[in-house]
Amino acid sequence: MSEHKEQKSELTQSQAADRVWELSKDIDICMFVTWDGEYARARPLSARVDRGENSIYFLVNADSAKNAQLERFPKVTMAWSDNSGYKYVTMSGQAKVGNDRSKIEQLWEKTDEAWWDTPQDPDIRLITVVPDEAELWDSPGKIVATVKMVVAAVTGATPDVGDNVKVNL
């Protein structure tokens, strides 16, 4: 049986944190994972990433089941995936549900009109996540990663398909 090693990264913690924030902002849609006391629940949400505020924001409905889950279990995980580029990010942190109307107005995007008419809709709530840890998988791209995996399969070497690093935020 062959021994598999985790991919290592030459990125510093600061560089890894920069890349985590950059990819999470660029990819936008993430799987937002909560805990309901029995199961992890995941759903796609548009992430409004603001590194300067060390926060990730989500606009949601006031009556959403995830809001009640966050009241009991505020720890969440968010996962971003760029499958075409073989780039993946997860972040975990504390979430809270609020009703900051000025922040909702500030974060409002044209695409939000698919869910609500205006940012003044009283049914909109704001989830704010302050992340405390992250993990990054960042490859040079699908073609390069595939070639490296094929070469590794033929030679028995471990493929170097990019960076994998855990970082505290």
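Where is the place of tyrosine 86?

**Figure 1. Overview of the predicted chain.** The model is predicted, and its average pLDDT is 86, with 80% of the residues scoring at least 70. Residues 1-6 have a pLDDT below 50, and beyond near neighbours in sequence this stretch makes two contacts in the model. Residues 141-152 are also below 50 in pLDDT, with 17 contacts in the model beyond near neighbours in sequence. Where pLDDT is low, predicted coordinates should not be read in detail. Four helices and eight strands make up the secondary structure of the protein chain, and along the sequence they follow the pattern α-β-β-β-β-α-β-β-α-β-α-β. The chain has 169 residues, of which 37% count as buried. Among contacts with a separation of 6 or more, 67% join residues 24 or more positions apart.

**Figure 2. The largest nonpolar core.** This core has 26 residues. Those with the most contacts inside it are Phe32, Ile56, Phe58, Met78, Trp80, Met91 and Val129. At least two residues each come from helix H1 (13-27) and from strands E1 (29-35), E4, E5 (75-82), E6 (87-98) and E7 (124-138). H1 gives the largest share, six residues. Leaving aside residues up to four places away in sequence, Trp80 touches Ser24, Ile27, Asp28, Ile29, Cys30, Ala47, Val49, Ile56, Lys87, Tyr88, Val89 and Met91. In soluble globular proteins, nonpolar side chains tend to be buried together.

**Figure 3. The second core and leucine 59.** A separate core of eight residues includes Trp108, Trp116, Ile124 and Leu126. Leu59 lies in strand E4 and touches each of these four residues, as well as Arg48, Ile104, Asp112 and Arg125, not counting residues up to four places away in sequence. Is Leu59 buried or exposed? Its relative accessible area is 9%, under the 20% limit, so Leu59 counts as buried. Leu59 and Trp108 are 49 residues apart in sequence, and their C-alpha atoms are 8.4 Å apart in space.

Figure 4. Of the 17 lining residues, Leu45, Ser46, Leu59, Trp115 and Trp116 are the closest to the pocket centre. Strand E2 (40-46) and strand E4 (55-61) are the elements that give two or more residues to the lining. E4 supplies the largest share, four residues. By class, the lining is made up of eight nonpolar, four polar and five charged residues. Leu59, one of the residues closest to the centre, is also in contact with Trp116.

**Figure 5. Two residues with positive phi.** Tyr86 sits in the loop between E5 and E6. Its phi is near 55°, a positive value in a residue other than glycine. Its relative accessibility is 24%, between the limits of 20% and 50%, so Tyr86 counts as partly exposed. Asp28 lies in the loop between H1 and E1. Its phi is positive, about 75°, although Asp28 is not a glycine. Asp28 is partly exposed, with a relative accessible area of 27%.

**Figure 6. Serine 81 in strand E5.** Ser81 touches Ile27, Lys87 and Tyr88, not counting residues up to four places away in sequence. The C-alpha atoms of Ser81 and Ser24 are separated by 8.8 Å, while the two residues are 57 residues apart along the chain. Ser81 is partly exposed, with a relative accessible area of 37%.

**Figure 7. Lysine 103 in helix H3.** Helix H3 spans residues 101-107 and holds Lys103. Which residues does Lys103 touch, not counting residues up to four places away in sequence? They are Glu53, Tyr57 and Leu126. The relative accessible area of Lys103 is 8%, under the 20% limit, and Lys103 therefore counts as buried. Leu126, one of these contacts, is included in the second core and is touched by Leu59 as well.

Definitions and conventions: Residues numbered from 1 in each chain as written. Heavy atoms only, no water. pLDDT = per-residue confidence, 0-100. Contact = heavy atoms within 4.5 Å. 1 Å grid on protein atoms, 1.4 Å probe; cavity = no way out; pocket = protein on both sides within 12 Å on 5 of 7 lines; lining within 4 Å. Nonpolar A, V, L, I, M, F, W, Y, C, P; charged D, E, K, R; others polar. Buried < 20%, exposed > 50% of the residue type's maximum accessible area, 1.4 Å probe, protein only. Core = buried A, V, L, I, M, F, W, Y, C linked by side-chain atoms within 4.5 Å.
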